[in-house]
Amino acid sequence: MKYFTNVLLLIVLSIFSGCSDGGGSNSAVTGTFIDDPVQGLGYTCSSGTTGITDVNGEYSCEVGDDVTFSINGVVIGSVSAQTTAVTPYSLFPNDYKAALNFARLIQSIDTGSVNGKIVIDTLKEQKIPSSIDFSSASFETLIETALGITLVSEEEARKRLNDAITSAGGSVPTDLNHIPVASA
């Protein structure tokens, strides 16, 4: 009987060890998309993982990955997944206007259902044109016409974005001609 118990124990242990991830060689890193935490942005990790930012604005990729963000299939930009806090400034490090336009868009399509967080309205998101150019002079007109909304003002978007970054312990760029990318 003792032999049978030991064999059964070995079988059970081998089954559980077969479910292992290989000893932890692929560890995950979690970051947050902030303009307030943003729920509903698409992301793709360079290792192939895809997802949507969660209620806390979080995404998860493997260590060493880059992460690319998108909205309605439109690629916004990429950063190292090691970046703990991603903002519109991170995705447009050399284009302050584009960063603000992206902030204006996500703030304007916020469902408003969760205070202190942005929850992307999927019905409005589906209307975002695939040809959107965040640095275009006609950005505001194009988005307002396509979505049937009025975008928040640049001043309001900047204030809300900067307040969210500061509240999260980050720093707001002072040189608007070159916006640094945060690193872990």
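A residue is taken as buried when its relative accessible area is under 20%, and as exposed when that area is over 50%. The model examined here is predicted.

On this criterion, helix α6 has the buried residues A157, L161, N162, A164 and I165. Seen down the axis of α6, these buried residues fall within an arc of 160°, so they line one face of the helix. The face turned away from that buried side carries E155, K159 and S167, which are exposed. Helix α6 covers residues 154–167 and has 14 residues. The distance from its first C-alpha to its last is 20 Å, close to the 20 Å expected at 1.5 Å a residue. Cover for the buried residues of α6 includes α2 (88–91) and α3 (96–108). Just after α6, G169 adopts a positive phi of about 90°.

Helix α3 contains R104. Is R104 buried or exposed? Its relative accessible area is 4%, under the 20% cut-off, so R104 is buried. Leaving aside neighbours within four places in sequence, R104 is in contact with E140, L151, V152, S153, E154 and A157. Of these, A157 is also listed among the buried residues of α6. R104 and L151 lie 47 residues apart in sequence. In space, their C-alpha atoms are 6.1 Å apart.

Aromatic pairing was examined next. The structure holds nine aromatic pairs. For Y89 and Y96, the ring centres are 6.1 Å apart and the planes meet at 10°, so the pair is stacked. Y89 counts as buried, at 2% relative accessibility. Y96 also counts as buried, at 17% relative accessibility. F134 and F139 form a tilted pair, with 5.4 Å centre to centre and 40° between the planes. Both F134 and F139 are buried. Ring pairs also link residues into a cluster: F33, Y43, Y59, F69, F92, F102, F134 and F139.

The strands come next. In a sheet, strands pair through backbone hydrogen bonds, either parallel or antiparallel. Strand β1 (residues 28–33) runs parallel to β8, and two bridges join them. Within this pairing, T32 stands opposite A85 of β8.

Further pairing involves β3, β6 and β7. Strand β3 (residues 42–45) runs antiparallel to strand β6 (residues 66–71), and four bridges join the two. C45 has V67 of β6 as its bridge partner. Strand β6 also pairs with strand β7 (residues 74–80), in the antiparallel sense and over six bridges. In this pairing, F69 has G77 of β7 as its bridge partner. F69 is also one of the residues in the aromatic cluster. The hairpin of β6 and β7 has two residues between the strands. In that hairpin, N72 takes a positive phi near 55°.

Conventions. Residues are numbered from 1 along each chain as its sequence is written. This is a predicted model: local features need pLDDT of at least 70, side-chain atom pairs count only at pLDDT 80 or more; totals for chains, interfaces and linings use all residues. Side-chain values use heavy atoms; hydrogens and water are left out. Two strands pair if DSSP finds at least two bridges between them. The expected span of a helix is 1.5 Å times one less than its number of residues. Buried means under 20% relative accessible area, exposed over 50%, partly exposed in between (1.4 Å probe, protein chains only). The arc is that of the directions from the helix axis to the C-beta atoms. Contact means heavy atoms within 4.5 Å. Rings of Phe, Tyr and Trp (its six-membered ring) pair if their centres lie within 6.5 Å; planes under 30 degrees apart count as stacked, over 60 as edge-to-face and the rest as tilted.
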